[in-house]
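Follow the chain through its sheet, then its helices, and finish with the overall figures.

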Amino acid sequence: MTIPTLDAPEAVRLASTLIEITHSVTHGAETIDIFSDLAERCVELLPVSGAGILLRDAMGTLQVIGASSASAHLLDLFQVQNHEGPCLECSTTGQAVTDEELSAQGPWPEFAQLARAQNFTAVYALPLRSRNLTVGALNLFAETTLTQGQLTIAQALADSATLSLLQVDPEVDLQIVIRRIHVAVESKNTVEQAQGMIAQRFSIDIEQAFIRLRDVSRQTQMTLVQVATAVVQRDATSPVSRLL
């Protein structure tokens, strides 16, 4: 792997992000929090407008776990529901997949059309992998093409976040990995339910509802799933009830 040349501020931001991801993993942060943060950090560190995370569940079906924006979430859902898009190929082969044309004559014409409608001109899918096991993909949605160095940075971020799932030998303890993915999918469902409740309560959109959940998570030092669970269960004893 060729290490990209970074200026001082870029190097500091990347190093800080990798340290924070490692800290989250080693201190038992929940998978949904780590991957949601990864999507946001990709947008902060790279010239991309959106990022999304997909994981394969026990049945081999891709599930959307985290997204930086509503448009990224929409495109990830489209890929899963229509079995069309770069993330499917990436998560199957374990190899990075690039589409810098998004042409109607390309391999994913309907996906390309939807991506262009969201003002994206290039899409990149990078594997979430360890050894011979690929558990999902990181999707990057851009309005300009990325350099190889920038893709190397994105892959480093993806590899670091994958440690949150693969803290065991995936070849020996595959059932543990499958269980962690199952928990991550259940957690995402809880977060989405809470988003819907907050959006309805405050007459805001889903993306704004997620920002509120994330802000309360940081204020209370609770995980995103803990905050979402308190919302869904309408727990009046939780500090969340005073902030939402």
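In this predicted model, five strands form an open sheet in the order 2-1-5-4-3, with antiparallel pairing. Strands here are DSSP E runs of at least two residues, helices are H or I runs of at least four, and both are numbered from the N terminus. Two strands pair if DSSP finds at least two bridges between them. Strand 2 (62–67) and strand 3 (97–99) stand at the edges with a single partner strand each, so one side of each has no neighbour in the sheet. On average, neighbouring strands are turned by 20 degrees against each other, direction ignored.

Strand 4 (residues 122–130) and strand 5 (residues 133–142) run antiparallel, joined by nine bridges. Ala122 has Ala142 of strand 5 as its bridge partner.

Two helices lie across these strands. Helix 6 (residues 148–162) lies across strand 4 and strand 5, at about 40 degrees to strand 4. Axes are lines fitted to C-alpha atoms, for helices over the stretch in contact (heavy atoms within 4.5 Å). Angles run from 0 to 180 degrees between N-to-C directions.

Helix 9 (residues 224–232) is largely enclosed by the rest of the structure, because seven of its nine residues are buried. Buried means under 20% relative accessible area (1.4 Å probe, protein chains only). Among them are Leu224 and Val232. Just after helix 9, Arg234 takes a positive phi of about 50 degrees.

Overall, the protein has nine helices and five strands. Buried residues make up 48% of its 244 residues.

Residues are numbered from 1 along each chain as its sequence is written. Local features need pLDDT of at least 70, side-chain atom pairs count only at pLDDT 80 or more, totals for chains, interfaces and linings use all residues, and side-chain values use heavy atoms, without hydrogens and water.

Note on methods. Buried means under 20% relative accessible area, exposed over 50%, partly exposed in between (1.4 Å probe, protein chains only).
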